[in-house]
Amino acid sequence: MGNFLSFYKNTVLNYSLAMKKAIIHRLQQKNLITFDPQITLGNQSDSPLFLPNKDDIDSTIVETTTDKKCSQFYEEWELIKLYKYSVPFFFDTDEPVEKMLAKAEVSELGSQILRTLPAELKDVQPVYKKVADQTVLVKFVLQKSYTDRSTNELVDYRYPVVIYFDLENKCLEIRYDAIKNRSYYPNAGDAYSDIVSYCIKWLKNILKIELFKCDYSQAIDKLKGATDDPVKIYRQMMLLNSGGSADLTAAMDEDSVLPFIGELRELITENEEVFSKSPEITELLIRYLDDKEATANYPYVYVQWENPVVSQSYLVKITFGFSNREYTVLQHLTGTCKDLEMGRMNNAIKYLCTSGTFTKGEELRC
């Protein structure tokens, strides 16, 4: 058990400080740990683990990751944590996803803990958990290694890949993190593509699910359409048909207006009386702006989910037409947002797939 528990320790110690604090907060909520010695005076078997130093974050992580009573917590944390990348698709099934998982002999995550971790996805036995009426999560866990800077030795860690099913909206995401040791895995970009490719084949060949591409042809129009929508384009790369390019970033204020094109449109709107006196010039300007936006290619955009509480606002980078236009990649940026669980990922994909930003495209073949 000890060697296996060290995988949790090696993994979590390399999380960000913010992520470690989020874990400790949830451990307290689950009554698995306490920093109050009075709480441990009752039944010792049911008592939370007492830790004397609340400020020693790494010590708390070491104590909990190497305590078998917390193993189930960390197994479930891998399901609900924020991941850096996700790849969305629409899907169709002939029967409920849970039934298809049962047919494929995928076990439900319970008290059992896997003690061996394969190095390749094809050798992983996935598990699943239904976390809400319309949400099912499937988890694969790989063994990878990173270099310990203090000893210059390779250390093994857990690398989970999660498939998130939004049953209500018939969309799913393949979620994964950055690979820690880029020098040990020099072709990380290929590794990510391999992860997505394997998950696609597994969904189609093992679960017998029909997958459909996300059609993003209306994404820019939809994201810019509603001025009162808290979801706004914060930054975008435009490749113009003239051969030029522009990387536009909005100012971090209440308006979040993109420079040049966004500012010109706002200028026309705010000075309607002046522009109405020269309708030909106004029409020329608007036509020019429409033409530039319609004919430009957008390799990526940054979308901001605004919230009155700054620490709850977050950014998602959307890269279109990745891997020969087969799929779209979402990069979830931590920034100043303190929500480091999957809620914001769930909100983002639900919004993108129900607002018309993404629509069900052609079936994905493999």
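This is a predicted model: local features need pLDDT of at least 70, side-chain atom pairs count only at pLDDT 80 or more; totals for chains, interfaces and linings use all residues.
User: How many aromatic pairs does the structure hold, and why is the pair of Phe89 and Tyr327 called edge-to-face?

Analyst: The structure holds 15 aromatic pairs. In the case of Phe89 and Tyr327, the ring centres lie 6.3 Å apart and the planes stand at 70°; because pairing requires centres within 6.5 Å and edge-to-face requires planes over 60 degrees apart, the pair is edge-to-face. This pair links distant parts of the chain, with Phe89 in strand E3 and Tyr327 in strand E14, 238 residues apart.

User: What makes Phe89 and Tyr327 count as buried?

Analyst: Buried means under 20% relative accessible area; Phe89 has 0% relative accessibility and therefore counts as buried, and Tyr327, at 6%, also counts as buried.

User: Which kind of aromatic pair do Phe140 and Tyr198 form, and which parts does the pair tie together?

Analyst: Phe140 and Tyr198 are 6.3 Å apart centre to centre with 90° between the planes, and the pair is edge-to-face. Phe140 lies in strand E6 and Tyr198 in helix H6, so the pair ties together parts that are 58 residues apart in sequence. Phe140 is buried, with a relative accessible area of 0%, whereas Tyr198, at 23%, is partly exposed, because that class runs between 20% and 50%.

User: Where does the charged end of Arg175 sit, and which ring has Lys144 over its face?

Analyst: The charged end of Arg175 sits over the ring of Tyr164, 4.1 Å from its centre, while Lys144 lies over the face of Tyr159, at 5.4 Å from the ring centre.

Notes. Residues are numbered from 1 along each chain as its sequence is written. Side-chain values use heavy atoms; hydrogens and water are left out. Rings of Phe, Tyr and Trp (its six-membered ring) pair if their centres lie within 6.5 Å; planes under 30 degrees apart count as stacked, over 60 as edge-to-face and the rest as tilted. Helices (H or I, at least four residues) and strands (E, at least two) are DSSP runs, numbered from the N terminus. Buried means under 20% relative accessible area, exposed over 50%, partly exposed in between (1.4 Å probe, protein chains only). A charge sits over a ring if NZ of Lys or CZ of Arg is within 6 Å of the ring centre and within 35 degrees of the ring normal.
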